[in-house]
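Open your viewer and get ready to click around.

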Amino acid sequence: MAGFVGKVEKEIEIKTPAEKFYNILKGQCHHIPNLTTDKIHTIDVHEGDWETPGSVKLWKYNIGGKVETFKEKVDVDDENKAVIFTAVGGHVLDHFKSYKGTFKVTPKADSNQGGLVKLTLDYEKRDVNDHDPIDNYMDFLVKLVEDIDTQLPAKLDLII
C-alpha cells in the first residue's frame with residue numbers, strides 16, 4: 001500500500017502582493033472564475049461560507065478538455081499563509097483514495113510586491129497504475145496560479 005502514496009511539489013513566482021494572493025485563496029475563492037475563465041467555471045459553497053475554515057465548496061472546472069468537479073473542505077494556516085484544500089468528493093477521487101492540495105504563499109523578503117506560491121499535492125492512488133497528479137492536476141494548478149497572478153493586479157480594486 002505504501003507505494004501508492006505520494007507527494008509532488010512546485011514553486012511559482014508571483015508578481016501580485018503575496019497577502020492579496022493569499023486572501024483570494026483563503027476566503028475569496030468566488031472571484032477565481034473571473035480570474036481564470038477558461039479553467040474554472042464555478043465555485044459554490046455547500047457547507048459553511050467563503051471564509052470559515054472547514055467550509056465545503058464545489059469547484060467545476062475544465063481540465064484536459066473535460067469538465068470535472070472537485071468538492072473540497074478548506075483549512076487555513078494563517079501563521080504560514082497556507083490554504084489546504086482536501087478532497088471530499090468529485091472526479092479526483094476516482095483515481096485517488098485521498099488528495100490534498102496545499103498553497104503556501106510567501107512574500108518576497110525585500111519588498112511588499114510579489115512572492116512565491118508553493119504548491120504541494122499529497123495523495124494516495126487507488127491503483128498503482130493510475131497516473132501521478134503531476135501528469136494533469138499539478139500542471140493545471142500551476143496554470144491556475146499563473147492566471148490568477150496575471151489577472152489579479154488589474155482587478156484588485158474590484159475584488160479587495
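Start at the largest pocket, which holds about 250 Å³ of space. On a 1 Å grid over the protein atoms alone, a pocket is an open set of points with protein on both sides within 12 Å along at least five of seven lines, while a cavity is a set where a 1.4 Å probe fits but cannot get out; lining residues have an atom within 4 Å of a point. Points are joined across faces, edges and corners, and a volume is the space filled by probe spheres set on them.

This is a predicted model, where local features need pLDDT of at least 70, side-chain atom pairs count only at pLDDT 80 or more, and totals for chains, interfaces and linings use all residues. Residues are numbered from 1 along each chain as its sequence is written, and side-chain values use heavy atoms, leaving out hydrogens and water.

Now select Lys 66, Glu 68, His 95, Asn 136 and Tyr 137: of the 16 lining residues, these lie nearest the pocket's centre. Next, colour strand E4 (residues 66-77), which gives the largest share of this lining, three residues.

Move on to the one cavity of 30 Å³ or more in the whole structure. Select Trp 59, Phe 70, Tyr 99, Phe 140 and Leu 141, which lie nearest its centre among 14 lining residues. Helix H3 brings the largest share of that lining, four residues.

Finally, colour by pLDDT (the predictor's confidence in each residue, from 0 to 100). Confidence is lowest in helix H3 (residues 137-159), at a mean of 83, and highest in strand E5 (residues 82-90), at 97. Helices (H or I, at least four residues) and strands (E, at least two) are DSSP runs, numbered from the N terminus.
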